[in-house]
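Hi,

Here is the structure I promised to pass on. Have a look at it first, and then read my notes below.

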Amino acid sequence: MQETLAAFLYVRGLVPEDAVWDQILVTSDRVRSSLLKLVEDLNSVTDDWSEDKIQSVFYEAGKLYYTDKLRWWFEVLYQVLLSEPQGPRLGQFTRLMSAHWVQGKIDQVLSDYWQHSGAHA
């Protein structure tokens, strides 16, 4: 199952081009876990929906999994949300588009993986 997730994420452009197969396997678990953590954290924000607060949610979720590769974490997010390697500040973008939209895009990527892999969540 890990190989399927790794291949799916690789095709979607969610792993670095220079990653070796073992890194892809490790990264794919980290990607899935970090995206799930981000959705959980976005759901927990109830009182302060300022751009700075939202930006810090993205940053803190990334720090848990990618302390040494935060730039790569944001590239993953841009790929998931915009199908591009870069984009606007995510706090501002999420405030404009809504957390619900962002969560939906993340859920879609994870759901697409489960559908194409034949795995069960």
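Let's start in the middle. The largest nonpolar core has 26 residues, and the ones that touch the most other members are Leu 35, Leu 38, Phe 58, Trp 73, Leu 77, Leu 90 and Ile 106. At least two residues of this core come from each of α2 (21-44), α3 (51-65), α4 (70-82), α5 (90-97) and α6 (99-117). The top contributor is α4, which gives 9 residues. Keep in mind that this is a predicted model.

Leaving out residues up to four places away in sequence, Leu 35 touches Trp 73, Leu 77, Val 80, Ile 106 and Leu 110.

Now zoom out. Of its 121 residues, 41% are buried. If you take the contacts with a separation of 6 or more, 58% of them are between residues 24 or more positions apart. The accessible surface is about 7,000 Å², and carbon and sulfur atoms make up 49% of it.

Next, the aromatic rings. There are 3 aromatic pairs in the structure. One of them is Phe 93 with Trp 101, an edge-to-face pair with 5.5 Å centre to centre and 75° between the planes. Trp 101, at 28%, counts as partly exposed. Elsewhere, Tyr 66, Trp 72 and Trp 73 form one aromatic cluster, and Trp 73 is also one of the core residues listed above.

Cheers

Conventions. Residues are numbered from 1 along each chain as its sequence is written. This is a predicted model: local features need pLDDT of at least 70, side-chain atom pairs count only at pLDDT 80 or more; totals for chains, interfaces and linings use all residues. Side-chain values use heavy atoms; hydrogens and water are left out. A nonpolar core is a set of buried Ala, Val, Leu, Ile, Met, Phe, Trp, Tyr and Cys residues joined through side-chain atoms within 4.5 Å. Buried means under 20% relative accessible area, exposed over 50%, partly exposed in between (1.4 Å probe, protein chains only). Helices (H or I, at least four residues) and strands (E, at least two) are DSSP runs, numbered from the N terminus. Contact means heavy atoms within 4.5 Å. Rings of Phe, Tyr and Trp (its six-membered ring) pair if their centres lie within 6.5 Å; planes under 30 degrees apart count as stacked, over 60 as edge-to-face and the rest as tilted. Accessible areas come from the Shrake-Rupley method with a 1.4 Å probe; for residues, only the protein chains shown count as cover.
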